[in-house]
Amino acid sequence: MEELVSTERSYLRHLQLATGTIRGNLQKLQPAPANLEAMFLHIEGVMDVSRSLLSRLDQTPSSDPKFLHSLCDAFLCLAADMEMAYKEYLANYNNITAQENSYKQKEAFWNEMVKVIKSSAPEVNATSLTFFLVMPVQRIARYPMLLQTIRKHTDPQHPAYSVLEEAARATVEINCRINEYKRFREVADKYKKSEVLTMKDMINRLNGHSIAKKTARLSQLIKHETGMVPKLKDEEFDALEGFFYVLEKGIMDLHKNVAAYLGHLQKFTECRPEEQDLDIDSEKSAVFYKEISTALRQWIYPVFERRLNALVFRPLCALRDLLAGPRNLLRKRLHKLLDYELLEEKASLSYEEQAAAGDYRTLHALLLAELPLFNSAALQLLWGALGAFSRLLRDLASDVEQLCAGYTQQLPHSSMEPSAFWEWADGSVLEGAKRLESLCRSMEEEMNAPIVQPLSPASQKRLKSLTEKHGSGKIYQLSSHVVGSRDLDLSLQRGELVAVLSEMDTRGDRRRWLVDAGGPRGYAPSSKLVRYHQVTFDPPPSPSPHFTAPPGGAENRRHSYTPEARPRLAMALPCFQVCAGYDFRARSSHEVTLRAGEPVRVLEPHDKRGNPEWSLVEAHGQRGYVPSNYLTVLPSNYLAPPPSSSYR
């Protein structure tokens, strides 16, 4: 008993020396040893258990007959704390030795560390940190031997003999459980790592043994799936595994959705419509809109985005990364299960086969013990992320409501009764939905319609060549992009000109027309071809039939968008000059007056809003907008002489 107490004191003193003086002096080295703190991980818990044991033993003098009883009670009371502290330390001990070996690779630096260790503990002949850090590994294994030695020299009739036997048995069980836990951790660390291998690495790892093993696993899996061989079932494990995969899918889906939400939020805040010249009837409404949009973009949304990143997205990223370990263990457990089922059919096993069977049992027991804890913790984190997200949305709604409170009081519907307000709101939403649907329909028609636009020089040459070969009646234009998917099919761009040679293919299929694309010949879908129209000489309607000149002249913005009109600039012959096809009289300071045949220079084929129905041109020294469908391209010999008079 005296040996147990004295060695315990010496053991604690050495640990205090290592964690205090030696660690402090090593940290003063320049540069300080990397990851030094990792070598002392979990050692504080071991020292706390040792202090508690000595504290209990000091309460009773060693000469007291009840000292043996107090000693055994101390071990029994501290059994749970002792197991928890030592199993974590011993499971991490391999990392301690690996870290010290990394120090030894730098010989000069390692010599400096040895000098510090020797000077810090001159009374101890220590040449490395592991001299001290291996002591907990030795001490936990020494407790059962010391108690068994005490029991061997104790009279069975002693009042504390039964308690002594129980304490000795408890220390043996603690060591067994610690060894089992350490084995679990080693297996888990071995199989939970994710390796990113190139194709070359995977090929280099192939050998006869691995090919035979993987072939046997695949064969056994096919037998399971086809029902040829019954699958080894464990209802408890199957339930845990199923819940893990459901949890994994929920975490991955939520992470993906939150990432998309953040991306959309960032794109939304990048838009700054309040800085543009808005077309809003009421000046007060425009001011309200600009103030609200500025506050949302500069204050409310950035704060919301930072909180969403910190409280939801980053925790979800960490939780997603944690899923890799259990996922790899589950996959390895399946592989080992397939091997184990094949081994069960054998009468005798070799040493390697026994090790493989032991790996399966270890993995299975580890997952049964640890997977419920992981599932529970992951579920709590998932619920926490969802709760934080809902609270953030509530705070966002509260901030927006507070921001808009002062403006809503000035709106015409603020004095309505709730029932009347919701009736008005429903009607407004339905009306807006109808307008949006109409706009989408017109946009779809616009996108599907062929675009007739000024031809490039190459297209002009192709048009001239195709017209000379096949005549103008055979010229067609692509209404959309075409990608060839069969033999002799052509890949063509929208707006390209082709000449139709035959309105069917060799099998009589009228859905594929044989066309000449100005060089290559092949098939194109007839549904994507429309006849190329010649220029007409009737003046087309103005793109803005209801246009009225703004009273403010240049100070106000021109509104030229009309969804009914469709931009169309007809081309007929190879051209050398853009000119006015019809007379046009300017109706505001933004426009310019033209006479038919007058040559112009196109500066922009659209207006400030990107609307192609109006083009910015320069004519007779003036710049302004004219309808795009009033412009045409004609050969130079078709041009009329420049007008000699101007409009007044």
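1. The model is predicted: local features need pLDDT of at least 70, side-chain atom pairs count only at pLDDT 80 or more, and totals for chains, interfaces and linings use all residues. Residues are numbered from 1 along each chain as its sequence is written, and side-chain values use heavy atoms, without hydrogens and water.

2. Helix H1 (residues 2-27) and helix H2 (residues 43-58) have axes that come within 10 Å and cross at roughly 145 degrees. Helices (H or I, at least four residues) and strands (E, at least two) are DSSP runs, numbered from the N terminus. Axes are lines fitted to C-alpha atoms, for helices over the stretch in contact, and angles run from 0 to 180 degrees between N-to-C directions.

3. Residues of H1 including Leu 4, Tyr 11 and Arg 23 meet residues of H2, among them Ile 43, Met 47 and Asp 58; contact means heavy atoms within 4.5 Å.

4. Strand S1 (residues 475-478) pairs with strand S2 (residues 497-502) over three bridges, and Tyr 476 has Val 498 as its bridge partner in S2. Three bridges also join S2 to strand S3 (residues 512-516), where Val 515 is the bridge partner of Val 500.

Key
Pairing = 2+ DSSP bridges.
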